[in-house]
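Reader: Hey, can you walk me through this one? I'm still new to reading structures.

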Amino acid sequence: MSFSPTGTRPDSLWLDELEPVAGELLERHLTRAQEWFPHQYVPWSQGYDFEGPLGGTAWEEGQSALSPTIRSALVLNVLTEDNLPSYHWAVSDRIGRTGAWGEWLARWTAEEDRHSTALRAYLHTSRAVDPVALERMRIAQMSTGYTPRHVGMLVNLVYLAVQELATRVSHRNAGRYSGDSRCERLLSRIAQDENLHMIFYRDLLQAAMQMDADAVLQAVSECVRDFQMPAERMAGFRPLALDVALAGVYDLRVHHDEVLVPLLRSLAVWDVRELNPAGEQARDELAGTLHRIEARARAFENVKERWSAGRASGPGGITDKVSAAL
């Protein structure tokens, strides 16, 4: 049996105490979630057959008007979404497959599955990326799977809240910077799903704060300190992430300002009173982690500015320097 960070509540007790909240939040989610259909967001009339058994035309780089950095963002996003079977397994291993938890997991999985379906159809019809390379990357990504970095139900709830918000921001920014109204419309629609998912996990954490703020703060501190995107083990992740960061779609500044700061504010982590020593220590460590992330964000911005101005030189080039600062 795994225990919460404070050792006062086993995961089974957290699940029992939070299940009524999960049920209420699921019902609220079902009233807020708007039905939508991937096929209505894909520019089918723009597509034509690829080279292969049907004949068709071979893919070439110049067939897409999207910038290389935006294409990297879209590839990274769709490959992240592709690993849904592993995410489903990982979440079910933490919260179970029955009761309100199981109902939420099933609904969440069904909604998430739309994202990779719609994104891949858009990439194919718009010829944004090499479909052969994309399929090979999908196979490699799903073969690698996903293993959670954290042990325990509570810290994984924190991770889910952070990740859903990060995904929402990434999709929204990729669409905004794409220069393609169809791409922006699709990614905005996906981001709405991700936002509702984030709200579900965030509000579960708010309820948990009322039960044991010390445990939640320890879980938050651990997750923020060790947070990594779920695609971090994917082959080729680093250069894709660097492209995305250079484009401003998702970098340390975005992670700090648009994900961590607003989420921690909504959880009121800085306002909790009467914490025990472990909770106070966790909050102090969390503040230190945020300070370090903000400092790294400034360093990355400085290096990126020099890269943009073309003033950097030396062995390894600016790419290595920007990557090191990321």
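Predicted model: local features only at pLDDT ≥ 70, side-chain atom pairs only at ≥ 80, totals over all residues.

Reader: ok, so which residues of α2 meet α8?

Author: On the α2 side they are Thr 69, Ser 72, Ala 73, Val 75 and Leu 76, and on the α8 side Phe 237, Leu 240, Ala 241, Asp 243 and Val 244. By class, that contact has seven nonpolar, two polar and one charged residues. Here Ala, Val, Leu, Ile, Met, Phe, Trp, Tyr, Cys and Pro count as nonpolar, Asp, Glu, Lys and Arg as charged, and the others, Gly among them, as polar. Helices are DSSP runs (H or I, at least four residues), numbered from the N terminus.

Reader: and at what angle do α2 and α8 cross?

Author: Roughly 125°, and the axes of α2 and α8 (residues 237-246) come within 8 Å. That makes α2 oblique to α8. The axes are lines fitted to C-alpha atoms, for helices over the stretch in contact, and angles run from 0 to 180 degrees between N-to-C directions. Under 35 degrees is roughly parallel, over 145 roughly antiparallel, 65 to 115 roughly perpendicular, and the rest oblique.

Reader: left-handed or right-handed, when α2 passes α8?

Author: Left-handed. That word applies if the near helix is turned anticlockwise from the far one by less than a right angle, and clockwise would be right-handed.

Reader: what about α2 and α5, how far apart are their axes?

Author: 9 Å, with α2 (residues 68-82) and α5 (residues 131-144) packing at an angle of about 40°. So α2 is oblique to α5, and the crossing there is right-handed. From α2, Val 75, Val 78, Leu 79, Thr 80 and Asp 82 take part, and they meet Leu 134, Met 137, Arg 138, Gln 141 and Met 142 of α5. By class, this contact has six nonpolar, two polar and two charged residues. Val 75 shows up in the contact with α5 and in the one with α8.

Reader: back to α8, how many of its residues are buried?

Author: Seven of the 10, so α8 is largely enclosed by the rest of the structure. They are Phe 237, Leu 240, Ala 241, Leu 242, Val 244, Ala 245 and Leu 246. Buried means under 20% relative accessible area, exposed over 50%, and partly exposed in between (1.4 Å probe, protein chains only).

Reader: and what's around the ends of α8?

Author: Gly 236 sits in the loop between α7 and α8 and is partly exposed at 38% relative accessibility. Just after α8, Gly 248 has a positive phi of about 80°.

Reader: new topic! how many aromatic pairs are there?

Author: Six. In one of them, Trp 104 and Phe 200 are stacked, with 3.7 Å centre to centre and 10° between the planes. Trp 104 belongs to α4 (residues 99-125) and Phe 200 to α7 (residues 181-226), so the pair ties together parts that are 96 residues apart in sequence. Rings of Phe, Tyr and Trp (its six-membered ring) pair if their centres lie within 6.5 Å; planes under 30 degrees apart are stacked, over 60 edge-to-face, the rest tilted.

Reader: what kind of pair do Phe 200 and Tyr 201 make?

Author: Their ring centres are 5.4 Å apart and their planes at 85°, so that pair is edge-to-face. Trp 104, Phe 200 and Tyr 201 form one aromatic cluster. Trp 104 is buried at a relative accessible area of 1%, Phe 200 is buried at 1%, and Tyr 201 is buried at 2%.

Reader: last one: which phi does Ala 268 have?

Author: A positive one of about 55°, although Ala 268 is not a glycine. Most residues other than glycine have a negative phi. Ala 268 is in the loop between α9 and α10 (277-309) and is partly exposed at 28%. Glu 274, in the loop between α9 and α10, has a positive phi of about 60° and is exposed, with a relative accessible area of 81%.

Methods:
Residues numbered from 1 in each chain as written. Heavy atoms only, no water. Helix = DSSP H or I, 4+ residues; strand = E, 2+ residues; numbered from the N terminus. Contact = heavy atoms within 4.5 Å.
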